[in-house]
Structure formats: C-alpha cells, structure tokens
Amino acid sequence: MKSLRFFTLGAAALCMAVSTLAFSSLAQAADFSSHKVAVVYFSLLHNRVHGNPDAQEGKSVGNTETIARLIAENTGGELFALEVVNPYPEDYDATVDMARDEQNAKARPALKSLPDVSDCDVVFLGYPNWWGTYPMAVATYLDSGALKGKTVIPFCTHEGSRLGRSQGDVEAALPDSTVLDGYECRGRNVTDEGTPAEVKEFLNGLSLKALRSVHKRIARVGAPYPLLA
Ligand SMILES: Cc1cc2nc3c(=O)[nH]c(=O)nc-3n(C[C@H](O)[C@H](O)[C@H](O)COP(=O)(O)O)c2cc1C
C-alpha cells in the first residue's frame with residue numbers, strides 16, 4: 001500500500017515536471033543557443049551573369065537572401081550562399097527557360113563550393129521556388145551529403161506557388177536527416193514591415209515541435225500517463 005502511494009506521488013511529480021516543461025516551452029521563444037545553426041541559401045542575384053545590382057530592378061539583396069538574413073539574425077546562424085560555377089543569363093525569361101531545362105534534365109549544376117556545415121546540428125535551407133521546387137543547384141548541394149543527420153528546416157520565397165513540391169523533395173533527398181515543416185514567403189512581401197515578426201513567429205513555433213517530440217518520446221516509453229490511469 002505504502003509503495004503504491006510512493007508510486008502515485010512519483011507519477012504526479014513526473015506529470016508536474018512534464019507540464020512545467022510543456023508550459024515553459026509554449027511560453028518561451030525558440031532558444032537556439034544550445035544549437036550550432038547554419039543558414040544555407042540560393043538566391044538568383046548571387047547567380048546571374050555580371051551580378052550587377054543595377055540590373056536587378058534596383059535590388060541589392062535577393063528575396064531568399066532577405067529571409068536568410070532574418071533567420072540568421074534570430075538564430076545566431078552562420079550564412080552561406082550557394083553559387084553556381086556557370087551563372088544564369090541577365091535576361092529573366094532566358095533564366096526561366098534554362099531553369100526548366102535543368103529541371104527536366106535532372107541537372108546538377110556545379111557549385112563554386114559546398115558550404116561545410118559539419119559542426120552544425122540545425123541547418124536552415126533557403127531557395128526560391130523554381131518551376132514548383134528548388135533550383136537544381138540546391139539539388140547539387142543536397143546530393144553532396146553535407147546535410148546527412150542534421151535537422152533541416154526549408155524556407156522558400158516564391159510568387160504564388162508557396163513551397164510547391166519542395167518540402168517533399170527535400171524530405172526525399174535527405175532520408176537520413178530530420179526535415180521540419182518549412183517556411184514560405186511571397187517574394188514581393190519579403191521587405192514588408194510585418195515580415196520580421198512573421199519569421200520570428202515561425203522560428204518560435206519550432207520550439208513547439210521540440211515539445212511535441214518530447215511528448216512522443218514519453219508516450220513511447222509509457223510514462224507517466226499509464227501510472228495515473
Ligand atoms: C527560373 C524561375 C522560375 C520560377 N518559378 C516559379 C514558380 O514555379 N512558382 C512561383 O511562385 N514563383 C516562381 N518564380 C519566382 C521566384 O520564386 C521568386 O521571385 C523568388 O522570390 C525569387 O527569389 P530570389 O530573389 O531569392 O531569387 C520563378 C523565378 C525564376 C527565376
């Protein structure tokens with residue numbers, strides 16, 4: 001009888017601890033301080049012939065890079081830009097055609113370098129939506145194995161197609177990584193006043209995912225709920 005009381009008290013204490021953990025995780029902003037974070041992204045501006053800002057409708061920072069910088073600011077992550085060896089043409093329509101041809105051919109455009117994220121455990125992976133998924137230069141990076149075993153969080157800018165097929169494509173390309181649900185933002189909205197807060201909200205939501213995985217682990221080992229039943 002006495003041992004049953006101890007058992008019940010122990011279960012109650014464990015339950016309170018879990019509830020406290022749940023509450024604090026819900027209330028707190030995502031904490032990346034215990035993680036080594038990288039933000040790897042592809043943006044057309046870095047990958048055009050000449051790369052002349054004056055030729056980019058006055059922009060000096062690409063849409064995806066704008067979001068990449070916000071994520072880096074909020075997570076302390078290191079930024080890495082993916083750059084192709086052979087840049088895309090200055091002409092936009094020619095770039096669109098070339099991107100479609102690369103996708104049809106399942107091309108893997110050569111990159112100037114493969115960002116080394118071996119000391120990072122969390123990698124945000126950014127790209128523009130090109131014909132429904134990520135540019136093939138991103139596929140080159142995914143195929144390199146650099147993200148094996150990492151927690152990978154996609155983010156995508158677009159002009160209406162949102163993440164398209166890219167979330168599933170990243171998951172399929174990284175079977176040995178943990179791929180979380182990605183963030184998307186319309187390209188024309190990346191510099192809106194509300195975008196930094198939206199990005200922060202997305203990042204804070206990632207701590208809820210960690211909490212859910214704690215619950216899943218507890219459910220798997222069978223405590224504390226069966227003890228209370
Ligand atoms: C080759 C190419 C293909 C694109 N295909 C799509 C598409 O399928 N769906 C979409 O919503 N936007 C598409 N876009 C628009 C880009 O995704 C959007 O402008 C993005 O924000 C550009 O990001 P960046 O400045 O970082 O390159 C395409 C743009 C290019 C250049």
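This is a predicted model: local features need pLDDT of at least 70, side-chain atom pairs count only at pLDDT 80 or more; totals for chains, interfaces and linings use all residues.
In which sense, parallel or antiparallel, do strands S1 and S2 pair, and over how many bridges?

S1 and S2, the latter covering residues 78-81, pair in the parallel sense, and four bridges join them. Within this pairing, Val39 stands opposite Leu79 of S2. S1 also pairs with strand S3, residues 122-128; these two run parallel and are joined by five bridges. Here Ala38 has Val123 of S3 as its bridge partner.

How many of the five residues of S1 are buried? Five of the five, across residues 37-41, so the strand is largely enclosed by the rest of the structure. Both of its faces are covered: Val37, Val39 and Tyr41 are buried on one side, and Ala38 and Val40 are buried on the other.

This brings me to the nonpolar core. The largest one has 42 residues, and Val39, Val40, Val123 and Val138 are those with the most contacts inside it. Elements that give two or more residues to this core include S1, S2, S3 and helix H6, residues 195-221. The largest share, six residues, comes from helix H4, which spans residues 136-143. To take Val40 as an example, and leaving aside neighbours within four places in sequence, its contacts are Phe80, Leu82, Pro115, Val117, Val123 and Leu125.

Let us turn to the loop between S1 and H2, where His46 is placed. His46 has 18 C-beta neighbours inside 10 Å; a residue needs 20 or more to be buried, so His46 counts as partly exposed. From His46 to Ser60 the separation is 14 residues in sequence and 9.7 Å in space, C-alpha to C-alpha.

Next, the ligand. It is surrounded by 21 residues, of which the closest are Gly62, Thr64, Pro128, Thr157 and Gly187. Helix H2 (63-75), helix H3 (92-104) and strand S4 (151-158) are the elements that give two or more residues to this shell. By class, the shell has 12 polar, seven nonpolar and two charged residues.

Finally, a word on confidence. The protein chain has a mean pLDDT of 84, and 74% of its residues reach 70 or more. Where does the pLDDT lie below 50? One such stretch is residues 18-28, which has 10 contacts in the model beyond near neighbours in sequence. Residues 223-229 also have pLDDT below 50, and that stretch has 10 contacts beyond near neighbours in sequence.

Methods: Residues are numbered from 1 along each chain as its sequence is written. A residue is near a molecule or strand if its C-beta atom, placed from the backbone, lies within 6 Å of it. Ala, Val, Leu, Ile, Met, Phe, Trp, Tyr, Cys and Pro count as nonpolar, Asp, Glu, Lys and Arg as charged, and the others, Gly among them, as polar. pLDDT is the predictor's confidence in each residue, from 0 to 100. Two residues are in contact if their C-beta atoms, placed from the backbone, lie within 7 Å. A residue is buried if 20 or more other C-beta atoms lie within 10 Å of its own, exposed if 12 or fewer, and partly exposed in between; C-beta atoms are placed from the backbone. Two strands pair if DSSP finds at least two bridges between them. A nonpolar core is a set of buried Ala, Val, Leu, Ile, Met, Phe, Trp, Tyr and Cys residues joined through C-beta atoms within 7 Å.
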